Amino acid sequence: MGWVSAGADRAHDVFGRLRPTDPDRFARAWPAAAHCTSELDRTLCLAAWTS
């Protein structure tokens, strides 16, 4: 699983039914998204002030 996978991506069983959600996947996805958003905000702000 890469850092680009979404927390809500769910696998299907052999009959095509959605498997239960994985709370651990959400626990990993939310902080990663918050960190990326924070870094993007910092980078865009720095670029705006230095250009």
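How much accessible surface does the protein have, and what share of it belongs to carbon and sulfur atoms? In this predicted model, the accessible surface comes to about 4600 Å², and 65% of that area belongs to carbon and sulfur atoms. Areas were computed with the Shrake-Rupley method and a 1.4 Å probe; for residues, only the protein chains shown count as cover. Local features require pLDDT of at least 70 and side-chain atom pairs count only at pLDDT 80 or more, whereas totals for chains, interfaces and linings use all residues. Residues are numbered from 1 along each chain as its sequence is written, and side-chain values use heavy atoms, with hydrogens and water left out.

The protein contains 1 helix and 0 strands, these being DSSP runs numbered from the N terminus (helices: H or I, at least four residues; strands: E, at least two). Of the 51 residues, 2% are buried (under 20% relative accessible area; exposed is over 50%, partly exposed in between; 1.4 Å probe, protein chains only).

The count of salt bridges (a side-chain nitrogen of Lys or Arg within 4 Å of a carboxyl oxygen of Asp or Glu) is 1. The side chains of R42 and E39 form this contact, with an N to O distance of 3.1 Å. Both residues lie in helix α1 (residues 23-50), 3 residues apart, which means a separation of about one helical turn. R42 is partly exposed at 47% relative accessibility, and E39 is likewise partly exposed at 30%.

The structure holds 0 disulfides (pairs of cysteine sulfur atoms within 2.5 Å). C36 is partly exposed, at 39% relative accessible area, as is C45, at 42%.
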